[in-house]
Structures are given as C-alpha cells and as structure tokens.
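Please read the points below with the sequence and the model side by side. They are meant for a colleague who has not seen this structure before.

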Amino acid sequence: MIRDFLKRKGSIYWILGINLLLRLIIVFFTNLGNDEVYYTTYALYLDYSFFDHPPLVGILIRLSTFNLSFIYNDFFVRLGPLIIGCANIYLIYKIGCLLKDKTTGIISALIISASFYSSIITGVFILPDTPLSIFWLLAIFFFCNYIIKKQNYWLLLYGVVVGLSLLSKYHAIFLWLGAGIYFLFYNRKELFKPYLWLSIIISIILFSPVIWWNMVSEYSGINYHSNRVGSNTWLPSLKNFFPEFFGQIFYNNPFTIYVIILSLFFIIKQKKYTTPVIGFLLSISIPLISTTLIMALYNKTLPHWSGPSYFALAILAGYVYSSINIKKHKKRFQKAIVFGNLFLLLVVTAAIIQIKTGIVLPSSYKESQKIGKKDFTIDIGLWKNIATELESRINKDIKAGLIPKNHVILTHNWFPGSHLDYYYAQPNNTKLYVLGNSYNQHKYMEINTLRGEIPINSSGYYITTSHNYKTPKQELLNRYKTVSKPIIIPVYIRHKNRVNIFIWRLSNLKNNKKPF
C-alpha cells in the first residue's frame with residue numbers, strides 16, 4: 001500500500017488533505033479545552049510575557065481571530081493550529097527531501113501525521129506548542145541546510161527561529177543545546193566563528209522582552225516554574241515516571257515509537273550517528289526526552305513537554321527507511337505506519353463518540369459531586385452545553401429578582417474558571433474572579449486586579465462542576481449576608497447525566513478585602 005502511495009504523483013498533498021480533513025472534523029465536534037480557553041486570556045490581555053508561558057500563543061490567537069473580531073468563535077481561535085498543522089507536515093516532507101529524497105520526505109510525513117502530538121495537540125489545539133512546533137521545524141530545516149550547504153546565512157536564520165521558538169515556550173533552549181552538542185562533536189572549528197555567536201545574539205535579542213518582563217513583573221512565574229522542575233529530595237520516585245513514560249509513547253503513537261526505535265537500532269548498528277546531519281537530529285531530540293524522563297523521577301511532568309523532540313526522530317525514521325539497507329524490515333516499517341494512522345483515527349473516533357454519547361468511558365461515580373470525574377471529553381466537548389444550562393438558570397434568577405443583572409462569578413481555580421469565563425461570563429458581560437493562590441489563579445492574578453474590586457453589597461455566584469468539584473471556603477461564605485444552599489444543575493447528553501453544575505447564590509457582600 002505504502003509502496004504504491006510513494007509512486008503516486010502529489011502524494012504529499014494527499015497526506016495534507018486527509019490530515020486536514022480529520023483535524024477539521026475534530027474542531028467541528030469539540031469545544032476549546034482547559035488550556036485553550038485559558039490562552040485566549042493571553043490574546044485579550046497582551047503582554048511581553050505571562051505567568052506560565054511566553055507571549056507568542058496569545059499573538060497567534062490575536063492574528064487568527066483578526067484582532068479579537070472572532071475571539072468567541074472556536075474555529076477562528078483554532079485557525080492558527082489548523083494552518084500550522086499543514087505547514088508542519090509539509091516542512092517534515094521538505095526536510096526529508098533535503099536529507100535524502102522524496103521517499104524520505106513522504107515516509108517522515110506519514111509518520112508524523114500519525115502522531116497525536118503533531119496532528120492534534122499542535123494541529124488542532126491552540127497551545128504554546130503550536131507556534132513552537134513550526135519554529136522548531138524551521139530550525140531543523142535551516143540547520144540541516146547549514147550543515148549540508150555550508151552557507152552561514154542558514155545559521156543566522158537558525159538564530160531567528162530559535163528566538164521565536166523561545167517566545168513560544170521555554171523548552172526551545174534545547175535547540176541551542178542541540179546545536180552546541182553538534183558543534184562540539186562534529187564541527188569544533190566553527191565554535192569560534194562570528195556567525196555562530198551572532199546567531200546566538202539574535203536569539204537573545206528576540207527573547208529579551210520575556211527576560212525583562214520576568215525580572216520586573218509582579219506576576220513573574222519564575223518561582224512557579226522552578227517548583228515544576230525542582231524537587232525537595234534527591235531520592236527518585238516512580239510515581240510520576242510511568243505516567244510520563246507511557247504518556248510520551250501514547251502522545252507520539254505507539255506504532256510511531258516502534259518505528260523510531262527500529263530506526264535508532266539501525267543508526268547505531270551501522271554507525272550512521274557519525275554523519276553530521278544525523279548527529280544534529282539526535283542532538284536536538286535525545287536531550288529533551290531524557291530530561292523530561294529524569295524530571296519525572298522527582299516531580300510531576302506532562303508528556304507533551306518532550307513532543308518537539310520526536311519531529312527529528314520521525315525524520316530519522318524516514319531517512320533510515322530510504323537510505324539504509326533494510327529490505328527485510330521495510331514491510332515492518334510500512335505496517336507500523338499504516339497501523340499508526342489507523343490507530344490515530346480509531347482514538348479520535350472513540351473520543352467523538354464519547355463526547356456525543358458517554359458510552360465509551362461510562363462514569364463509575366454515582367455521587368452528584370463526582371459525575372463526569374476523570375472523563376477528559378467533558379472539557380473538550382460539553383462546555384457549550386454547560387454554558388447554555390447555566391445561562392438559562394441565571395436568567396430565571398434574574399427574572400425572579402433573586403440576583404441582579406450586574407452579578408459576578410466566583411470560582412476556585414483557573415480551570416474551570418477559564419471555561420466559565422470564555423463560554424458564559426465574557427459573552428454576557430459578567431465579571432469572573434478566580435480565588436485562591438497563584439497556583440490556582442495563574443493569569444487571573446492579574447485579570448482579577450484589572451477587573452477591579454468586587455463592590456460592597458454586590459451579589460453573585462460561586463460556581464463549580466462535578467468533574468472539578470470544590471466547595472466554597474467558609475471564609476468566602478461569611479463575607480455575604482445571604483448564601484443559598486448549593487443548587488445542582490444536571491447537564492444531560494442523550495438523556496444521560498454527564499456532568500453537574502453546582503452554584504451557590506451569594507447576596508450582599510459585606511467585606512471585599514483581600515485575600516478573597
């Protein structure tokens with residue numbers, strides 16, 4: 001099947017078209033996820049940097065929503081990932097062609113199209129990884145050109161896109177680490193050439209606004225990130241290691257991982273790592289993967305942190321397929337690539353069925369406060385329904401005179417806060433405040449301040465949901481003259497209770513002093 005596909009004229013455009021169609025279907029059947037609605041606040045409140053990430057994801061949302069004209073339209077918020085997802089596959093193809101030939105490019109594109117990280121996390125969802133992915137691939141393309149063509153301007157372009165990668169996500173520092181490893185082992189004489197240092201300076205200049213912001217802003221997330229990567233003990237633990245390890249395998253597709261491991265085996269066996277361009281691709285992939293796995297022994301990590309590393313490994317797999325004498329094993333490669341893409345399709349189909357019916361992952365929880373707990377599809381598929389039910393109930397309260405129109409919304413964390421804000425509060429011109437410390441609030445530390453103090457004698461709601469349930473603190477309730485018992489609003493999909501909304505009516509605020 002793949003052999004015939006490789007001979008087909010315009011095969012790369014078939015890959016692009018089919019992959020784009022799948023991603024459009026996902027966009028159509030889902031709403032914005034936890035992180036996505038949170039990052040829309042970056043677009044709404046642009047700054048040089050933010051509590052948890054650099055600013056480029058917010059700028060991308062600004063661009064794709066035409067300067068916020070369509071900020072409450074999920075398609076336009078995700079338009080950037082849809083475009084970048086196509087660009088990434090085409091870039092992978094071009095890098096493969098540069099390394100060897102069209103076969104290398106097509107195989108690399110097929111491998112990466114099966115990746116959940118590439119096709120969905122960066123190709124559907126709007127996250128810092130989305131702009132990072134395209135600049136990471138451009139960095140690979142430029143540096144490979146520099147190695148192969150020995151022209152210095154490619155190195156300067158590398159400095160530009162690494163700087164832009166750093167404006168997307170701090171992980172991009174591994175691009176310069178990888179380049180440093182390449183120079184140390186394959187091209188030491190270039191270490192003292194001005195073009196290299198000029199390229200590094202370009203990256204620093206582009207990244208300097210983020211450095212400056214973190215030094216002067218009261219919302220700097222330096223302590224937050226240091227706690228994410230640090231630990232209070234030197235003793236390793238497997239508690240977070242296995243979720244990270246198997247998470248990386250799943251996010252990048254088990255069949256893709258199989259192909260990559262097979263490719264690395266042949267690279268080591270035939271000592272292809274001595275080739276400079278192969279050495280570079282290994283240098284920008286292995287260090288980040290290793291680092292995240294080591295970090296997982298001491299702290300909680302997320303599998304997508306290492307995601308960009310697998311771009312280079314997918315290209316290496318394409319290179320091995322077309323360049324190394326593995327005729328006996330080519331059928332293994334082909335079957336794994338086909339099954340990998342089918343596995344992606346199967347998982348996406350199952351997720352959509354779960355969103356629409358709830359039958360794939362039936363809830364084992366019966367308590368009203370836990371309905372929908374651990375069902376990830378609620379956050380990516382049901383928030384429009386939740387917002388509709390919430391709006392209906394609050395409008396009834398307003399008509400009955402139980403709550404004024406200028407009420408506020410209070411909640412306990414940036415999730416579900418961001419969803420409540422995006423799908424209900426902002427479209428209805430209602431102010432939402434996230435309570436708690438910096439870990440609960442994130443960007444809402446600043447947003448709370450920008451929205452001003454909650455007026456004395458004002459009224460509002462404390463809202464939570466059963467899949468992220470948390471009761472309001474007594475300290476909060478004591479600040480209001482009247483507090484209702486929790487009102488439960490069930491959300492049904494096809495006559496099945498998928499999640500509950502819990503609201504407390506809070507009337508006549510007595511004290512608005514911090515902390516709230």
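1. Helices in this note are DSSP runs of H or I of at least four residues, and strands are runs of E of at least two, numbered from the N terminus. Tyr48 sits in the loop between helix 3 (34-44) and helix 4 (56-64). The model is a predicted one, in which local features need pLDDT of at least 70 and side-chain atom pairs count only at pLDDT 80 or more, while totals for chains, interfaces and linings use all residues. Residues are numbered from 1 along each chain as its sequence is written, and side-chain values use heavy atoms, with hydrogens and water left out.

2. The largest cavity has a volume of about 50 Å³, a volume being the space filled by probe spheres set on the points, which are joined across faces, edges and corners.

3. Helix 7 (102-113), helix 8 (116-121), helix 15 (254-269) and helix 18 (309-323) each supply at least two residues of the lining of the largest cavity, and helix 18 gives the most, with 3 residues. Among the lining residues are Ile111, Tyr117, Asn252, Thr256 and Phe311.

4. Arg393 and Asp397 form a salt bridge at 3.4 Å, N to O, the term meaning a side-chain nitrogen of Lys or Arg within 4 Å of a carboxyl oxygen of Asp or Glu. Both residues belong to helix 21 (residues 383-399), 4 residues apart, about one turn of the helix. The count for the model comes to 10 salt bridges.

5. Two backbone details deserve a look. Phe415 and Pro416 are joined by a cis peptide bond with omega of about 20°, and Pro416 is placed in helix 22 (residues 414-425). Asn253, a residue other than glycine, has a positive phi near 80°, and lies in the loop between helix 14 (241-251) and helix 15.

How values were computed:
1 Å grid on protein atoms, 1.4 Å probe; cavity = no way out; pocket = protein on both sides within 12 Å on 5 of 7 lines; lining within 4 Å.
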